[in-house]
Amino acid sequence: MRVRSLSLTDFRSYARAEVEFAAGLTAVVGPNGQGKTNLLEAIGFAAGLGSLRGASEAALIRDGAESAVVRCLAEASDGREVRIEAELARSRPNRVRVNNQPVARRRDLVGVLTATVFSPEDLDLVKGEPARRRRWIDGALTAVRPPLGALRSEVDRILRQRNTLLRQAGGRASDDVAITLDVWDSRLAAAGDELRACRQKLLDALEPRIRSHYAQIARDRSDTDTSYVSSWGEGSLAAALAEARPDDLRRATSTVGPHRDDVLLRIGGLPARSHASQGEQRSLALALRLAVDAEVRERRDVQPVLLLDDVFSELDADRAAALLDALPRSQRILTTATGLPAGVRSDQLIRLAGGAAQTVVVTETPS
């Protein structure tokens with residue numbers, strides 16, 4: 001799978017941009033503030049990943065514009081052309097089409113164009129709050145098995161309904177509240193137990209890959225290991241919800257469930273979040289991304305496009321070279337303000353210059 005071309009209108013900093021990409025390694029080079037990350041973000045959006053920086057969809061529309069359009073021409077592994085067009089609007093529903101056919105939801109793009117993203121924010125996978133690691137494992141689930149995105153959405157929907165009821169109850173468990181809570185608890189227990197099982201199964205599959213990639217990137221023989229930490233222990237979620245109900249009513253929120261779980265990451269037997277150096281944490285974060293990418297390639301028999309946003313800026317020369325060695329030889333599009341590591345040649349060089357509203361794209365073949 002590869003991205004052949006990208007066309008943008010009023011997306012982020014771009015009034016207009018037309019870019020074609022090589023099948024191998026493309027380096028997007030330019031000073032900060034010239035829109036390098038915005039190009040990758042547009043590809044990620046076409047792949048159903050949303051904003052790479054967690055921004056709202058409205059924030060993707062250029063200041064002063066009423067709408068933005070992303071057009072992406074991709075090529076599937078069997079050579080088929082895939083045309084993705086997304087229009088984001090401030091005052092009307094967004095419109096997404098694949099091969100000129102409407103798509104109901106942006107998440108349905110997952111699996112049409114498959115991409116793996118590496119970014120500086122990935123450090124938060126290791127050192128950040130549990131919510132960051134939950135998003136990572138849920139994103140991995142959807143990448144490996146796209147239909148599981150519906151399960152995560154169902155859990156979110158049930159939690160919103162249950163929490164609304166808890167707030168409306170005002171701490172009192174009337175008969176009506178208790179009956180309705182029983183309904184939502186039954187649904188949350190079924191979906192939550194299934195989501196936990198899926199997360200745990202995938203984490204078990206990823207662990208040896210994480211260990212192998214970390215050793216390759218960090219040049220470190222220290223063992224890494226992962227474990228899934230459930231907010232309701234080893235029992236059923238139904239029993240945990242029943243026990244937590246008085247506290248949930250008092251606090252007006254759901255205190256147990258898959259939305260409270262975590263993935264514990266260790267290096268050398270110690271928690272990486274608190275005991276690893278920044279270089280070790282960065283290497284582990286990259287290993288997490290590479291492990292998911294490898295699992296997707298094997299389980300779905302696809303070749304994801306690799307999007308690497310400024311990943312060399314916090315890596316020393318050895319780790320940068322090790323990362324490039326670890327990358328699969330599919331299409332790779334990376335951004336850098338300073339150029340590639342010594343000895344690395346790209347198949348295509350794109351230089352960005354100009355300004356926020358108008359950007360000149362110059363494509364060169366390295367000499």
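Me: Leaving aside its neighbours within four places in sequence, which residues is Trp136 in contact with?
Reply: This is a predicted model, so the contacts are computed from predicted coordinates. Contact here means heavy atoms within 4.5 Å, and neighbours of Trp136 within four places in sequence are left aside. The residues that remain in contact with Trp136 are Leu125, Leu203, Leu206, Ile210, Val263, Leu288, Arg289 and Val292.

Me: Which element gives the most residues to the largest nonpolar core?
Reply: The largest nonpolar core has 51 residues, and Trp136, Leu206, Ile210, Leu237 and Leu284 touch the most other members. Among the elements that give two or more residues to this core are helix 3, helix 4, helix 6 (237–251) and strand 10 (262–267). The most, 14 residues, comes from helix 5.

Me: Which element gives the most to the lining of the largest pocket?
Reply: The largest pocket holds about 1,400 Å³ of space, and of the 49 residues that line this pocket, Gly48, Leu49, Arg135, Asp138 and Gly139 lie nearest its centre. Two or more lining residues come from each of strand 8 (115–118), helix 3 (130–144), helix 4 (148–169) and helix 8 (278–300). With 10 residues, the element that gives the most is helix 3.

Me: How many charged residues are in the lining of the largest pocket?
Reply: Divided by class, this lining has 18 nonpolar and 12 polar residues. The remaining class in the lining of the largest pocket is the charged one, with a count of 19.

Me: Which strands give two or more residues to the lining of the second largest pocket?
Reply: The second largest pocket, with about 200 Å³ of space, is lined by 13 residues, and those nearest its centre are Arg71, Cys72, Arg83, Ile84 and Glu85. The elements that give two or more residues to this lining are strand 1 (2–11), strand 4 (67–75) and strand 5 (81–89).

Me: In the open sheet of 3 strands, which are the edge strands?
Reply: The strands of this open sheet run in the order 9-10-11, with antiparallel pairing, and strand 10 pairs with strand 11 over 2 bridges. Arg266 stands opposite Pro271 in strand 11. An edge strand pairs on one side only, and the two that do so are strand 9 (224–229) and strand 11 (270–271).

Terms used. Residues are numbered from 1 along each chain as its sequence is written. This is a predicted model: local features need pLDDT of at least 70, side-chain atom pairs count only at pLDDT 80 or more; totals for chains, interfaces and linings use all residues. Side-chain values use heavy atoms; hydrogens and water are left out. On a 1 Å grid over the protein atoms alone, a cavity is a set of points where a 1.4 Å probe fits but cannot get out, and a pocket is an open set with protein on both sides within 12 Å along at least five of seven lines; lining residues have an atom within 4 Å of a point. Grid points are joined across faces, edges and corners, and a volume is the space filled by probe spheres set on the points. Helices (H or I, at least four residues) and strands (E, at least two) are DSSP runs, numbered from the N terminus. Ala, Val, Leu, Ile, Met, Phe, Trp, Tyr, Cys and Pro count as nonpolar, Asp, Glu, Lys and Arg as charged, and the others, Gly among them, as polar. A nonpolar core is a set of buried Ala, Val, Leu, Ile, Met, Phe, Trp, Tyr and Cys residues joined through side-chain atoms within 4.5 Å. Buried means under 20% relative accessible area, exposed over 50%, partly exposed in between (1.4 Å probe, protein chains only). Two strands pair if DSSP finds at least two bridges between them.
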